[in-house]
Amino acid sequence: MPSTGSKSPTAPSSPQVSPAPSRSSSISYPKGQQHAPLNPSHLRESHMPPSSPENRTVMTGSLEEGSRDTSTSTHHPKVDSQGIHPTASGHVSPTTEATPVQTDGTIEDPIDYGVRTRLLGQQHWDSGSGCGSDNCAHGTFSPRPQTHRSYGSTATFDGFGGKYGGGIGEAVGSSGDNGHSGFGDVAANAMLGEGQGHRMSTTQYLAKRHGIKNTRLMYIVYYFPFTRWITQYKWSYLQGDLIAALTMASFYIPMSLSYASNLAHIPPINGLYSFAFNPFIYALLGTCPQMVVGPEAAGSLLTGQVVRENINNGNHQDQDGTKNAQIAGMVTGLAGAVILMAGLFRLGFLDSVLSRPFLRGFISAIGIVILVDQLIPEMGLSAVAAHVGGAAHGSSLDKIIFLCKNGAQAHGLTCAVSFGSFAIIMVLRELKRRLQPRYPSIAYVPDRFAVVVLSAVFAWKFGWDKQGLEILGDVRAEGRPFTVHFPFQLSMMQHVTDAFSTAFIIALLGFFESSVAAKSLGTGEGKVSNGLQNMTLSPNRELVALGVANVVGGLFMALPAFGGYGRSKVNASTGGKTPMSSVFLSLITVICTLFLLPYFYYIPKGVLSAMISVVAYSLIEEAPSDLRFFWRIRGWSELALMFVIFLTTFFWNLKIGIAVGIGLSLLRVIRHSTRPRIQILGRVPGTTDRFENAEADPDRLEFIEGCLIVKIPEPLTFANTGSLKHRLRRLEDHGTGSAHPALPRIRRQEHNRNVIFDVHGVTGLDGAGAQVLAEIVEGYRERGVRVFFCRVPSRRSDVWTLMERSGIIDMCGGERHFVSRVEEALRLTEEEELGGHYRDHAEDG
C-alpha cells in the first residue's frame, strides 16, 4: 500500500501470486473428488437455506460463527489518485501472504465442508468497501435489504426465520402448544405467563432472536388496527370519507327506520342505534378499511320473528315497544356474544362451512319472504291483517292467501304512494347503473333520500295522513335517547330459549356475509390506490370486531349489524378510502337522533316498505345467474340444496329453512371428509419411475404383476379411516373402487402378494388412524402378504413416530420396507421373492 505521506503517485506493486501446483500423479484424490479444490471456500454453502425447518441444524456453522462479531464500527476508506485504500486494521490486503498448502502425498481425510476459509473467517477483510461484512454486495454474497426497524427492533440480516423447536410442547412436526395454537400468543401469555427459555412460543423466540424489543406494541398494533391506519391518515382522504358518509347516511338512515318498524317490529329509533355505535366500533377494531357495518334485512327479519313469537305466546302486547326493543337487544347481544367467543377461540375458518348454494338458496328465500311481507303495508292492509289469524305472523304462503282474499280492501292512496315510490326508485336505480360508467359522479346522487324527503313533504303539504295514509309518526325515544338496558338480566332469561338459536343463526349468516364483503373489497395491503397499506384481513379479528360491536349494540337495544357488500360498495364508489367514513357515519347518525327526529314525523310507512322491497329484489336478482351456472355444470346436488332451502323457508318459516339447510350442508361436509380417497396406481409404459391413477385411464397404464400399489393422498384420521378396510378390499377384489361390492372377485389373488402404500400425502396421522392402519397391516401379514411403504414423511415426524409406536414398522419387516420411491419398493419385492424362491428350492433339494 502506498504511504499516506507520499507526494507523487507510485505504481502499485503487483500482488505476489504463488504458482499453481503442478498436476502430479503423486497426489491421488478419492473417488468423486477429482475436481474438488484443495481448500474449498464454501461460499455458496454458507448461505444455503435449509430445505425444511427440520434440517436447520444441518447447515454449516459459518453464519453462527460470523454472528459472534457484533462490531458495528464503520471504517471510511481513503481516496486518492491511485484509488480507494482501506484504513481499518485487520483487513486482508491483496499482498498478504497466504498460508502454504501442503500438497505432498495423498489426501487421506475427506474434505470438511463445514470449515471456513480464511476469506470468510476474516470478518473485516476489506472494511472499506464493505466486502465480507454482513451487508456485503460483492462477489458471491448477494445484496439483501436489511429488515425495517420497528417496535424498537435492531436490524437483522439472516432473514430466514423458522419455527422454534423448543417451545412449550413443540415436538417435531407439531403445530405448537395447545395454548398458543388455540388462543394465540397474547391470550396464552396472559394465562401461562411470558415465555422464557424453553417456555417461549415461536413468535417470542423469533422476536427475541431478531431484536424486536417492544412485543407489547407489536400486539397492540395488530389487534387494534385503528393504531395502524390513523398514523397513515391524510387530509386528502377527508373529503372522500365525508362525502361517502353523507351519501350512505342519506340512503341507509331511512332504511334503518324501515328495518326497525317493518321487519323487527320495534321502535324506529332503535334502528338508528345500529348506525350510531356499530360502524364506529368496527372502525377501531375491523381489518377491512372500506367495509361499513349496519343492520341487514335478514338479521332484522329474524329478530322480528323472535319478537313476534313472544307476542304470540302472550308474553307481552304488540304495542309494547319498549318490551319489543328489549327482546331485540337481547337477540343482538346474544349474536354478538356468540361471534365474539368464536373470534377469541380462533374459529374464523367457519366462514367456509356454508356453501355458496346454501347462501344463495337462503338469501333468495329471504327476498321472497320480505317481498310478500311488505305487500301488506304497501296495500294498506295492516289493520285488516291484525284481525285475521295467521296473516300478520304466518308463513309467506299464508300471507299470499290473505292477499288474494282481501285484495279488494286495499287502500288506494297507500297503494299509489307505495308502488309509485317503488317504481321511481327502480327506474332511478337502473339509470344510475347504466350511466355510472360514463358519469361516475352520478353515484353521489341521493335518489332514495330524495324520494323519502319528497314523500314526507307531500304528506305534510296535502294532509295525506288525514286521508288514511299511515305515516311514521313520533319516533323519539321514550325518555332520553341512547338508554342502556343490560340484555342478560334475570327477567330476560325466559326469552333466551327462543332467542339463542335465532341469535346463533344471525351470527353465522352475518359473519358469512361480512366475510364475502371483506374478501370482495380486499384490504389496503400493498395497494397504494386504496389509501391505506398493510391492513391485513384476518377472519378472527373480524369476528372480534363484529362481536364487540353487537354486544355494545345490544346494550342500547339496537338491531344486529354486520358488514354488507352493497353498503360497502357505495362507500368505496363515493370516495370512502379509510375507516374514517364509518366514524363520520356514526357521528351523522347521532346528530340525526338528537336533533332531526321531529322531521321524520310525516314519512309514509308505505315508502319505507317500498325501499325494503327494492332491497328484497336485489337479493333475488342474482339467483338466476347461479341457477344457470349450476345447471350448465350439472351441479344437481347444489341445485337440490338451493330448492330445498327455498321451499322449506317459503312454506314454513326462516328457522326451519335454516335448520334444514345447515343440516344438509353438514351432512355433505361429513360425507366428503369421511370418505377415503385412495387410488390404485399403474405404471406409465416406457418408464420405471412414473405412476399415475389407474382408475382415471386404465387402458394407458400397465399393472405390475403380483403387486397392488395403493396411493393414500390425504391425512389419516378417525374421520376417514372407518371405511378404509372396506375400500382396500374392493381394490383387491376388483382393481377399482368404483365397482359395486356385489360384484364377485375378478382380480386374481396372486396379484396381491405385495401391497405397496404410497403415503406421500399422509401429512397427518392420529391415534385412531394409526390403529386402523396397524390392523390392516396385521391382516396382510397374517395372510402372507408383504407390505411396503414408500415416500413416508421424515423420521422425526409425528407420522413416523405413531407408525413406530403402533408396531407397524416391525410388522412390515423393519425399516427396510420403508423406502423413498415406488420403484425401490418394486425392486425389494423382486429381491424378496427371488430370495424366497431360492430358499424354497434349497429346502426341496
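This is a predicted model: local features need pLDDT of at least 70, side-chain atom pairs count only at pLDDT 80 or more; totals for chains, interfaces and linings use all residues.
The protein as a whole has 29 helices and ten strands. Its accessible surface comes to about 43,800 Å², and carbon and sulfur atoms account for 58% of that.

**The nonpolar patch**

- Two helices, helix 14 (396-406) and helix 23 (636-651), each supply at least two residues of the patch.
- Helix 23 gives the most, with three residues.

**The protein overall**

- Of the 845 residues in the protein, 44% are buried.
- Contacts between residues at least 6 apart in sequence join residues at least 24 apart in 76% of cases.
- A search of the whole structure finds 24 salt bridges.

- Six strands form an open sheet in the order 6-5-7-8-9-10, and their pairing is mixed.
- Strand 6 (691-693) and strand 10 (818-819) are the edge strands, each pairing on one side only.
- Helix 25 (residues 724-734) packs on the sheet and touches strand 5, strand 7 and strand 8 (754-758).
- The direction of helix 25 makes about 140° with that of strand 7.
- Strand 5 (residues 679-683) pairs with strand 7 (residues 707-711) in the antiparallel sense, over two bridges.
- Strand 7 also pairs with strand 8, here in the parallel sense and over five bridges.
- Val-710 of strand 7 is the bridge partner of Ile-680, and Val-710 also has a bridge partner in strand 8, Phe-757.
- Strand 7 is mostly covered, with four of its five residues buried.

- Side chains of opposite charge can pair when their charged atoms come close.
- The side chains of Asp-733 and Arg-745 meet in a salt bridge, at 2.9 Å from N to O.
- Asp-733 lies in helix 25 and Arg-745 in the loop between helix 25 and strand 8, so this pair ties together parts that are twelve residues apart in sequence.
- Asp-733 counts as buried because its relative accessibility is 15%, whereas Arg-745 is partly exposed, with a relative accessible area of 39%.
- Glu-750 and Arg-748 also meet through their side chains in a salt bridge, at 3.6 Å from N to O.
- Glu-750 has a relative accessible area of 37% and is partly exposed.

- Arg-434 forms a salt bridge with Glu-430, and the closest N and O atoms are 3.0 Å apart.
- Both Arg-434 and Glu-430 lie in helix 15 (residues 412-435), where they are four residues apart, about one turn of the helix.
- Arg-434 is exposed, with a relative accessible area of 62%, while Glu-430 is partly exposed at 29%.
- The pair belongs to a network of salt bridges that links Arg-429, Glu-430, Arg-433, Arg-434 and Glu-621.

**Contacts between parts separated in sequence**

- Glu-823 lies in helix 29 (residues 822-844).
- With a relative accessibility of 12%, Glu-823 counts as buried.
- Not counting residues up to four places away in sequence, Glu-823 touches Thr-688, Asp-689 and Phe-691.
- Glu-823 and Thr-688 are 135 residues apart along the chain, and their C-alpha atoms are separated by 6.7 Å.
- Tyr-233 is found in the loop between helix 7 (226-229) and helix 8 (236-263).
- Leaving aside neighbours within four places in sequence, Tyr-233 is in contact with Leu-238, Asp-241, Thr-578 and Met-580.
- Tyr-233 and Met-580 are 347 residues apart in sequence, and their C-alpha atoms are 8.9 Å apart in space.

Note on methods: Residues are numbered from 1 along each chain as its sequence is written. Side-chain values use heavy atoms; hydrogens and water are left out. Two strands pair if DSSP finds at least two bridges between them. Contact means heavy atoms within 4.5 Å. Axes are lines fitted to C-alpha atoms, for helices over the stretch in contact, and angles run from 0 to 180 degrees between N-to-C directions. Buried means under 20% relative accessible area, exposed over 50%, partly exposed in between (1.4 Å probe, protein chains only). Accessible areas come from the Shrake-Rupley method with a 1.4 Å probe; for residues, only the protein chains shown count as cover. A salt bridge is a side-chain nitrogen of Lys or Arg within 4 Å of a carboxyl oxygen of Asp or Glu.
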